Amino acid sequence: MSLSPAFISGFLGFILTLLVFSYVLGDNPLFRITIYIFVGVSAGYVAAVAWHQVLWPNLFLPLITGSMAERLLLLIPLILSILLLMKISPSLSKLGTVPMAFLVGVGAAVAVGGAVMGTIFPQLRASINMLDVNAAALQGIHPAEQLIEGSIILVGITSTLIYFHFGAKPVPGGSAQRHKIIEGIALLGRVFIAITFGVLFAGVYSAAMTALIERLNSFLTFFALL
Amino acid sequence: MSSVHCPLCGKPNPEELEECQFCQARLKPIMAPMELLVPESTEGGGSPEKVQDLLAGLAAQAGEDEEVIPDWLADLRMESSPDKGVANATPKSPEPGKEEDWLTALRDGSDLTAESPAARISESKPGVTGELGGVLPEWLTDLHEESAKEPFQPVVGDLTDWQTDEAAKEISSDLIASTEDYKKPASSSNADIPEWLAKFTAEQTSKEAKNQEAAQIESTIPAEPSIEGSEPMEPPVLTMTGIHYGIPVQDGGLPKEPTAPAENPPESTTSEGEKTSDLLSDLDKETAGPSPEKPPETLVEDTSAEIPEWLSSLSTVDRGFVETSPEPGAEKSASPLETLPSSSTPALIPDDEALPGADVDELLSKEMPDWLSSVGTEEREQEKPTEGAEIPLPPEQDESLTPAELPSWVQAMRPLEAVIPGLPLKEDGEKILEKEGPLAGLVGILPTGPALDSTRKPQPYGIKLQVSQIQREGAALLETMLASESEPRPITAPTMELSKRVLRWAVAGILFVVVGVSTFTRTRITPMAGSYPPQVGAAKDVINALSASDPVLLVFDYQPGLSGELDAAAAPVVDHLMLRGVHLAILSTSPTGPVLAERFLQKTQSAHGYQRGGQYVNLGYLPGGAAGILNFALNPTNAIRMTVDGQPAWKSQPLQGVHLLSDFAALIILTDNAETGRSWIEQAGTFLRSSPMVMVVSAQSEPLLLPYYESDQVKGLVSGLVGAAAYEYINGRPALGYQYWDSFSIGLLAAEIIILVGGLWGLRTSIRSRRKPEVDNG
Amino acid sequence: MRKPLATAIAIAIGLIVLLGYFLPGTLLFEIRLELVHWAVILTGVAVLVGVFNLFSVHVEKIRNRQKGNVYSLFLIATLLFSFLFGLAFGPDHVTIRLLFEAVVIPVEASLMAILAVTLIYASIRLLRKRLDLMTVIFLATAFLVLLGTAPFPFGEIPILGSLIRPMIVNVPAVAGARGIMLGVALGTLTTGLRILLGADRPYGSN
Amino acid sequence: MNWVSITGLIFVLLSAGILISLSLWRRKKPPTFRDIPAYTFLDKEIGLAIEDGTRVHSSLGRSSLLEPGSAASFAALGLLRRISELTSVSDQPPIATSGDAALAVLTQDVFQSAYQTAGAGEQYRPSTGRVTGLTPFSYAAGSLTAMRDENISVNILLGSFGVEVGLLTDTAERENSFILAAADGLPAQAILYASLQDPLIGEELYAAGAYVQAGQPHAASLQVQDILRWVFVVLIMSGAVLRLIGLL
C-alpha cells in the first residue's frame, strides 16, 4: 500500500461513495459535506474549462494573434462579455441586460430551428414512411408485418399528439372539458404514453442499476489496492 | 361597514384598509393616483376650470397618443371597447316616450355622460384593451403605453403582486380610453346642439327610460336647465370619483339643482361610501387571478354585432367634434372605441344596477360556497328597496299619492281622545302628537328633529329569526367545520413517515445486499442472452471494416454520473477499435467529457498502450451544444484549434490528413442523452458522407435512438450493459459487461420482485382505502 | 424600466439566426455562424458569472449564519481551490484530474446509484398515490421490459427477451415517444416564437 | 438551400403569423383549456405557502441557452415571473435554482423585473436566483440541499432535466412539500411519471404560462399548438395512406 494517485483517488472515492449512500438512510451532516465538496469541485472545474477551452481559444487568443479583421470582429463579443460580467455587481447588473438579450435571442432561434428541422420534419417524415411496405420489403420485412406495426405506430403517434390537445369548453362546475371524441382518442394516447414511460423507466432503472454495480465494484478495486 | 375581499386570500377586510390584514396583499391598488385627482375636482365643485384644464390636458394627451399610434394598433384598441360600450348602451326595459323634450334629454344625457366612465371602468372586463400592454411586444406596446405616463402611469406602478402586470395595464388602459372620451362631451356642449344630437339623446333617453330609476332621475332635472352651465367637463370628475371609491353610479344621489353635477360628487361619494367598495372589489375579483380553468367571466357581453346603428352613426358624427389628429382608422368609426363616449352613457345606470344582481353573483358564486353566495344575493336584494327609497320621489308621484289605509291594529291604537271630538289631546313630553292625517291622535309615531333627516326606513326586524333552508344548511356546515377544528385528531404523520422510511430502507437493503453479495462473491452463473440485438452486430461489422491508422472520431458525451454504465458499454467497442489499430480523436460537447475520456482509456484500455499524441489525441471540449456540433461539422479545423494540452490539434499524428468531418473513417458517439445523440445525427450526419456513425448509448436512450438505426442514419447501436455484454460475447472478448452481468441480472430480478410485490400491495392498500370511506359513508 | 434596446437586440439577433438556419449557403448563414460563435463566448463568460454567484450565495450564507452555513465553508474552499488551480494549470493538470476522479466521478456515480433505490421505492408507492389504469399499464410495461432485459441467474424465459421486449420497445414505445417529441417540439416552437416576437422578455425588460 | 429548408421557413412564418393574430385577436371570452390538475393545485399551494410564511422554490433545469432545451427553460422563466409577482407580498421571497449560469442570470433578471412591476423592487435579492451546480448532478445535489434548508413548501421543477430529477422529487417527497414538475427529456418524464401524483407530460410543460394567466400570447401559443397538432395528424395520416398506395 502506497500513497499513489490511484490509491488516493480510490480511497477518497470509497469514502465519498459511502457517504453518499448514507443518504438512503436519511440526510446527515456527512452527506452534506460530501455534496458541498462535490459542488465546489465540479463548479471550479467547469469554470476552469470555460476559461481554458472556451474563452482563451475563442476570444483572447484570436484577439492577440488574429488578423486585424478578426480582432475587430471580436471586439463586439469582448464588449458584450465585459457587459455580461457586470451582472456580478447588483448595482451594475442592468448593463448586462444587452448581452443576456443577445443570448436569449440566439437561444430562441436555435430552439425554434431545432424544433422544426430537428424534430418536426424528421419525425413527420418517419411517421409517413411507416406504411412504406415496398421499402420494408427491400429490408426483408414482410409487408403484412410492416403494415400492422406501421398502423399501430401511426395510431400511437396521432393519439398521443391528440392527447395533448388543450382547447376545451367550459362545463358547469368551473372546469373545462374537451369534445367526447377527442377525449376518447386521448385515452388511447394515454395508453401509449404509459407504455412509453414504462419502457423508459425500465431503461433508466437499468442505467441506475449498472451505476450501483459499478460503485460496488469500485470497492473491490480499492480493496485490491490495500 | 362594508368590506373588501382580498383578491389574494379572499378574506374580508374593512374597506379603509389599504392592505389585507391577513396576507398583506394590497387592496387598493389604484387609489393613490386617483386621490390626486379627486379632491381637486370634487370639493364643492368650486373649480370647474381646474377640472376642465386637467381633463383637457388628459384629452390632449389622449389626442397626442392617437397621433402616434399606428392605425392597426388603434384598431386594436377600438376593438377592445365594444364590449363596454355596447353593453352599456343596452337598455334593460324599453319604455319609450317618457321624455320627449330634446333639451331635457340632452341635459340628461350630458349629466349621465358624467357618470359614464366610472361605470365603464367598473364594468370593464379584463383582457380587453389593457392586455395589450401586458401581452404585446414592447415594441408594439410602447406607443400604447406612452399615453398612460401622466397621470396614469403611477397607477400601474402602485399595483401590487396580486394584480398582475396585465391586469394593471388593463385598468390603466381603460382609464386611457376614458380620458379620450372626456373631450367629447365638452365639444358637444359647446356646439349648438345640432339636430342629430337631439335625435340621439331623445332616442337614447327613450331607450334608457324604461328603467324606473332612470326615469326618476330625469324627472328631478328642472325644466329650464342651462346647457352651458351644466359644466360638461364635470362629468369625468364625477367619473373619477366613482372610480376612486368604486361607487355604483345610481348610489350617488342625483342632483336636485340644475348645476348640481359639479357640486354633488363629494356628497355622493361620502354618503354612499359604504357601498363604494363593490365596484373596486369586483375589479379585484376579476384581476385577482381566478384559477386557470376559470377564466375571468366577462361582465359584459361582447356584442359588437349588436351595436345599434344609431350608436355607431352617432360615434361617427361625434368624432367630428373632437379635435383629434387625423387617425387612419377613423373611418372605421363604427368600431367600438368611438361608441364609448357619450353614446353609451344613458344605459349606464341600469347596467350598473344590474351588475351586483347578475354578473357579480356569477363571479361570487365561483369564489364562494353556494350558501354563502346566495346569502350575498339575498342581502343585496334586501338592500334594493332601501336604495330606491332614498331617491326623492318625483312630483308626479307625490300628487298621485292616495291616503294611506291603516291596518286595523294601528287604528285600534288610536287614543280615544282623538276619535271622540272635544276631548283634549295630551302631548307627552318630547313626543309629538299627530293632529291630522291618518295618524291623527297618535303620539310619538313620527320621529322629529334629526330623525326626520334620516332617509332610511327602519329595518323591520321580526322576533323570529328568518332563516332560509340554504342559510340553515350553511350555518350547519359552518358549525360542523368549527366543531371539527376543535376535535382532537389522531397524529398519523409520524407513523406514515416512519413507515415510508422503513420501506425505503427495506428497498435499499434488499438491493444493496443482493447486488453486493453478487459483486463481492464474483459469481458467474447467469447465462448470456440466447440472442443478441442486431444493432450490436451491425456496430461490430462497422468497426471490423476499419483499417489500421484510420482516423476515428470518438465523442465522449456523457456525464460522470452515467460513467458506470457508459464505461461498461463503451469498453468492448473501444477495445475493438484499438484492436483494429485505428487512430482516435477524442472530443466532447460536455465540459467534463475530456477528463472522463482520459480516465476511461486509463481504466479500461491501458492494455493497448495507446499514447496521447501518438495513437490518440484529445481535442477537448467543444462548446455550443448543437450549434457547436454544426460548427465542427462544417469546419472542424476552425472549431477546434488546440488539443486539451494546448498543442496544435490538426498537426498531431492521429489527425494527419484530416480536414473535413468526412475525412474521419467513422464517428463513434458515446452518450447518455438521446438529445445529444440526435444533435450529432442531425447536425453532423450529412457532413459525414459515406463515413459510418455508430452510437454507444445508455439504456434509457435506446428507445429514442433505435429509430435512427432502423432508418439507417446510425449504422450500429450498442445500448447499456446488455449491449455491452452482447458485444463482448460476439467479439469473444469479455470485459466490464461480463464482469457486471451476474450482479445486473440479480439486481434486476430483485427489482422485478419488489415492483411486483410492492405493486400488488399498493393496489390492495389503495383499493381498501378507497372502500373504507365508502363503507363509512354507507 | 423599459429596455427597448434589449428587446430589439433579442428580436433582431434571433431573427437573423433563425433565417440563417433556414437559408444555408447564404450570407445570413455565415452571419448566423458568427453570432452563434459569439453566443458561445458569452456562455463561457456566463459560467464565470455563475461561479461568482455560487460563491457569493454561500459567502452570504456564512455571513448571515444561515442554516447549513458550516457546509458552505467546504464548498467555498473546494471551489476556490479547483477554480484557481485549474485556472493556473489548466483542467488537464494531473492534480485537477485526480480531484475530478476522486470526488466528482464517485459522487455523481453514487448519486446515480441511489437513484436505483429511489426509483424502485417510487414505483411501489405509485399505486398508492395514483390508482388508475394508466399506472397499472405503466408498471406492467416496466416490469415486462425489465424481465426481458436480462436472463435470470437460473435461465432465460423464452420469448420474453427475444420477442415481447423488442416488440414493446419498437412499436408502442416508439409511437408514444414520437407523439410526445412532436408535442414537445410544438411547445418549443411557440415558446421560441414568443421570444422572437418580443412577447416574452426574460432578460429583465419589463 | 433546398426545399426542406424553404418549407421549414414557411412553416415557421405561418406559425408566427397565427400566433400574432391570435395574440392580438380580442374575443368575447378568453379561450378555455382542459383541466390540468397539477396547475390547479399550484395556485392553491402557492397561496398556502404565502400564508404559512414558507418559500416557493423553482428549479429551472440545466439546459444551456444554446441548446434546444432552452425553450423549456424559457417556459419555466415565464412561470417564474408570474410566481414571483404572486408571492411578492410574502416575507419569504421565492428562490430559483438552475444548473446553467446564463439561466441563473435570467432568473435574477426575472425576479428583479417582477418585483419592480409589483412595486416591491426593494424585496429583490440577487441571491434568490442562484446557480447550485454547473454539472447536472451537482446542480441536483445543490438544489436538494436548498430544498431542505430554505423552508420550502412548494417545489416547481420545470425545465430541461435528465435523470437527476429523480433526486429532486425524492427530496421533495421526503420533505412532504408540494411538487409540480415537468421536463422536456423523455427519461426525466418517465421518472416524474413514476414519482408524482399529478405528472405533467411533454407539451404540458410549455402550457405553464397559459395556465397561470401570464398573458394572451401564452394562451394563443396553446391555440397555435392545437392548430398545428391537427395539421400534423392530417399530414401523417394522409401522407401514410398516399405512401401506402404508392402515390407519394
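This is a predicted model: local features need pLDDT of at least 70, side-chain atom pairs count only at pLDDT 80 or more; totals for chains, interfaces and linings use all residues.
**Exercise 1. A pair within chain D**

With which residue does Glu203(D) form a salt bridge?

Solution. Residues are numbered from 1 along each chain as its sequence is written, chains are lettered from A and ligands numbered from 1 in the order in which they are written, and side-chain values use heavy atoms, with hydrogens and water left out.

Step 1. The partner of Glu203(D) is Arg229(D), with the closest N and O atoms 2.8 Å apart. A salt bridge is a side-chain nitrogen of Lys or Arg within 4 Å of a carboxyl oxygen of Asp or Glu.

Step 2. Glu203(D) lies in the loop between α7 (186–195) and α8 (208–211) of chain D, and Arg229(D) in helix α9 (residues 216–244) of chain D; the pair links distant parts of the chain, 26 residues apart. Helices (H or I, at least four residues) and strands (E, at least two) are DSSP runs, numbered from the N terminus.

Step 3. Buried means under 20% relative accessible area, exposed over 50%, and partly exposed in between (1.4 Å probe, protein chains only).

**Exercise 2. A pair within chain B**

Where do Lys603(B) and Asp567(B) lie, and how accessible is each?

Solution. Step 1. The side chains of Lys603(B) and Asp567(B) form a salt bridge of 3.9 Å, N to O. Lys603(B) belongs to helix α28 (residues 593–604) of chain B and Asp567(B) to helix α27 (residues 563–580) of chain B, 36 residues apart.

Step 1. Lys603(B) is partly exposed at 39% relative accessibility, whereas Asp567(B) is buried at 1%.

**Exercise 3. The contact of chain A and chain D**

Describe the interface of chain A and chain D, then follow its salt bridges into a network.

Solution. Step 1. In this interface, 61 residues of chain A are in contact with 69 residues of chain D, contact meaning heavy atoms within 4.5 Å. The two chains bury about 5500 Å² between them, 74% of it on carbon and sulfur atoms. Buried area is the accessible area (1.4 Å probe) that two parts lose on being put together, summed over both.

Step 1. Four salt bridges cross this interface. Arg148(D) meets Asp27(A) at 2.7 Å, N to O. That pair runs from helix α5 (residues 136–149) of chain D to the loop between α1 (5–21) and α2 (29–65) of chain A. Arg148(D) is buried at 18% relative accessible area, and Asp27(A) is partly exposed at 25%. Asp149(D) pairs with Arg32(A), the closest N and O atoms being 2.9 Å apart.

Step 2. Asp27(A), Arg32(A), Arg148(D) and Asp149(D) are among the members of a salt-bridge network that also includes Lys61(C) and Glu175(D).

**Exercise 4. The contact of chain C and chain A**

How many residues does each chain give to this contact, and which element of chain C gives the largest share?

Solution. Step 1. Chain C gives 102 residues and chain A gives 108 residues. The buried area is about 9200 Å², with 86% from carbon and sulfur atoms.

Step 1. The rule finds one salt bridge across this interface: Arg190(A) with Asp132(C), 3.9 Å from N to O. There are also nine residue pairs in polar contact (both at pLDDT 80 or more). A polar contact is a pair of N or O atoms within 3.5 Å; within protein, one must be able to donate a hydrogen and the other to accept it, and residues adjacent in sequence count only if both atoms are side-chain atoms.

Step 2. On the side of chain C that touches chain A, α4(C) gives the largest share, 23 residues.

**Exercise 5. Surroundings of Arg215(A)**

What does the side chain of Arg215(A) make a polar contact with?

Solution. Step 1. Arg215(A) sits in helix α7 (residues 180–225) of chain A and is buried at 5% relative accessible area.

Step 1. Its polar contact is with the side chain of Thr17(A), at 2.9 Å.

Step 2. Not counting residues up to four places away in sequence, Arg215(A) touches residues including Gly13(A), Phe21(A), Pro106(C) and Ser110(C).
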